[in-house]
Amino acid sequence: LHDMAVNVFEWTESSLTANEAVARGGSYFMSAIAARSTNRTPLAPDFHDPALGARICATLPAEL
């Protein structure tokens, strides 16, 4: 994977705590140390912020 640090924190499922959602990465207003895919912050499920988004991943079909 390349370029996983983008301009928003991304909601992900925690690999450390079952059923915990965390925000990973960083956003445009954070320092370079915070804008890393290893940066993780547990947040309340109803937390809203313009710097919070989601990355959508899917497998391409065998035939296009």
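**View 1. Strand 2 and strand 3 run antiparallel and are joined by three bridges.** In this predicted model, local features need pLDDT of at least 70 and side-chain atom pairs count only at pLDDT 80 or more, while totals for chains, interfaces and linings use all residues. Residues are numbered from 1 along each chain as its sequence is written, and side-chain values use heavy atoms, with hydrogens and water left out. Strand 2 covers residues 21–24, and strands here are DSSP runs of E with at least two residues, numbered from the N terminus, whereas helices are runs of H or I with at least four residues. Two strands are said to pair if DSSP finds at least two bridges between them. Within this pair, Arg-24 stands opposite Arg-40 of strand 3, and Ala-23 has Thr-41 of strand 3 as its bridge partner.

**View 2. Strand 1 has bridges to strand 2 and to strand 4.** Strand 1, residues 9–13, runs parallel to strand 4, and two bridges join them; here Phe-9 stands opposite Leu-52 of strand 4. Towards strand 2 the pairing is antiparallel, with four bridges. In that pairing Glu-13 has Ala-21 of strand 2 as its bridge partner, and Glu-10 has Arg-24.

**View 3. The four strands form an open sheet with the order 3-2-1-4 and mixed pairing.** Strand 3 (40–42) and strand 4 (52–53) stand at the edges, and each has a single partner strand, so one side of each is left without a neighbour in the sheet.

**View 4. Arg-40 and Glu-20 form a salt bridge, their closest N and O atoms lying 3.8 Å apart.** A salt bridge is counted when a side-chain nitrogen of Lys or Arg lies within 4 Å of a carboxyl oxygen of Asp or Glu, and a search of the whole structure finds one. The pair links distant parts of the chain, with Arg-40 in strand 3 and Glu-20 in the loop between strand 1 and strand 2, 20 residues apart. Arg-40 is partly exposed at a relative accessible area of 28%, and Glu-20 is partly exposed at 23%; the term covers values between buried, under 20%, and exposed, over 50%, with a 1.4 Å probe and protein chains only.

**View 5. Ala-34 lies in the loop between strand 2 and strand 3.** With a relative accessibility of 11%, Ala-34 counts as buried. Leaving aside neighbours within four places in sequence, Ala-34 is in contact, meaning heavy atoms within 4.5 Å, with Gly-25, Gly-26 and Asn-39. From Ala-34 to Arg-24 the C-alpha to C-alpha separation is 9.3 Å, and the two are 10 residues apart in sequence.

**View 6. The protein as a whole has 64 residues, of which buried residues make up 19%.** Its accessible surface comes to about 5,100 Å², and 58% of that surface belongs to carbon and sulfur atoms; such areas come from the Shrake-Rupley method with a 1.4 Å probe, and for residues only the protein chains shown count as cover. Among contacts between residues at least 6 apart in sequence, 34% join residues at least 24 apart.
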